[in-house]
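My notes follow in the order I worked.

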Amino acid sequence: SAAARAAQRSFDAEVLAVRQEVANAYWKLWLIHEEHRLKNEHDIVLETLAGTVRGRVRTGAASLADLNQVELGIARHHDHHGEHREQERVATAELLRAIGAEQPRESLPISDTPVEGLPAQSDETLHQAASRNPRVQSAELMATASDSIARVEAAERAPSLHTGLDWIVTGDAPAPVQDSGQDAVAVTAGLSVPLWGRSYKDAVGAAEAEAAAHRAERDALLQRVDAELEKSIAAVRDAQRRIELYRYTLIPQAETSFRSVLGSYQTGRTAVASALLAQRDLLELQLELARSRARHALAWAELERVEGQQVEGTQRGEQP
């Protein structure tokens, strides 16, 4: 029974690993789509800036060098279309493999967005739940099974007494004689003495050694689970900190700076290089926000695998 339950917990551990693998593949594909969406938006920003520069060139307020600089930036930026197309193919294939899809598909619907926030439970509660991870329970149950085998082998070393009772129903004979029809009753008794006690002792020792090995594996798994839990909690917290930093501080500042520089360029108070630099800074910060959201989702998937169950969150950020 213990061995069967250990196999079930091993199966549960594999399920958790598959869930994490699917989540990793999904969020990598989501990040590719999100980066492509952000860069498409900046395609429009650069085209708008190019239109402004062309108008200033016609009026003599800007040089062809400024226009060439903007068009070079547009050409370099447009490379993301081909790059993302190939990245999407690879990520889609990885996700199809993770979910075990039989029919190949060129694309998969990516509708879910990362859920942000921190675990609602305390660190102590998370550690207590992680100690019941299926991998740990499987090792503990296998140790219990080995203990049972050791007890069985130890019992085989002891002498055993066998008793029996046979009752044979005879019935009446066709031609009755003396004592005809009396049933026969036989009582048996026997004593079994093991002669090769050393072999039983070796079997007991082997079972006890297996139990000790499984308990050592359980202790090692507990330490590994604690370390993995600390790592995943730190990753979730760091990703959430970065999300809030980019969303509420850096990106608003970059947007204000870009609008200010663009306005200054339109009035001739700054060079086009400053506008391009401000645009690149804004785009990079927006990309970092998307990457932090993906890192948060990946860390959360790892946290749930270590916990062995779904983890409730709190203080979740707003979705853009």
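This is a predicted model: local features need pLDDT of at least 70, side-chain atom pairs count only at pLDDT 80 or more; totals for chains, interfaces and linings use all residues.

**Helix H1.** I started with the span of H1. Its 57 residues reach 84 Å from first C-alpha to last, close to the 84 Å expected at 1.5 Å a residue. Then I checked what follows H1 and found Gly 60, with a positive phi near 80°.

**Aromatic pairs.** How many aromatic pairs are there? I got two. Tyr 26 and Trp 27 make an edge-to-face pair, 4.8 Å centre to centre with 85° between the planes. Trp 27 also pairs with Trp 30, again edge-to-face, at 6.1 Å centre to centre and 75° between the planes. Trp 27 and Trp 30 are three residues apart in helix H1, so about one helical turn separates them. I put Tyr 26, Trp 27 and Trp 30 down as one aromatic cluster.

Buried or exposed, I asked of Trp 27 and Trp 30? Both are buried. For Trp 27 the relative accessibility is 13%, so it falls under the 20% cut-off. Tyr 26 comes out at 14%, and therefore counts as buried by that cut-off too.

**A charge over a ring.** I looked at Tyr 265 next. Arg 56 lies over its face, 4.8 Å from the ring centre.

**Largest pocket.** I noted about 500 Å³ of space here. It has 20 lining residues, and the closest to the centre are Arg 19, Trp 27, Trp 300, Ala 301 and Glu 304. Helix H1 (2-58) and helix H7 (272-307) are the elements that give two or more residues to this lining. By class I wrote down nine nonpolar, five polar and six charged residues.

**Second largest pocket.** This one holds about 320 Å³. H1, H2 and H7 each give two or more residues to its lining. Which element gives the most? It is H2, with five residues. The lining residues include Lys 39, Gln 69, Arg 76, His 77 and Arg 280.

**Glu 71.** Last, I went back to helix H2 (residues 64-77), where Glu 71 sits. Its relative accessible area is 33%, so I have Glu 71 as partly exposed, between the 20% and 50% cut-offs. I also took the C-alpha separation between Glu 71 and Glu 210: 71 Å, for residues 139 apart along the chain.

Conventions:
Residues are numbered from 1 along each chain as its sequence is written. Side-chain values use heavy atoms; hydrogens and water are left out. Helices (H or I, at least four residues) and strands (E, at least two) are DSSP runs, numbered from the N terminus. Buried means under 20% relative accessible area, exposed over 50%, partly exposed in between (1.4 Å probe, protein chains only). On a 1 Å grid over the protein atoms alone, a cavity is a set of points where a 1.4 Å probe fits but cannot get out, and a pocket is an open set with protein on both sides within 12 Å along at least five of seven lines; lining residues have an atom within 4 Å of a point. Grid points are joined across faces, edges and corners, and a volume is the space filled by probe spheres set on the points. Ala, Val, Leu, Ile, Met, Phe, Trp, Tyr, Cys and Pro count as nonpolar, Asp, Glu, Lys and Arg as charged, and the others, Gly among them, as polar. The expected span of a helix is 1.5 Å times one less than its number of residues. Rings of Phe, Tyr and Trp (its six-membered ring) pair if their centres lie within 6.5 Å; planes under 30 degrees apart count as stacked, over 60 as edge-to-face and the rest as tilted. A charge sits over a ring if NZ of Lys or CZ of Arg is within 6 Å of the ring centre and within 35 degrees of the ring normal.
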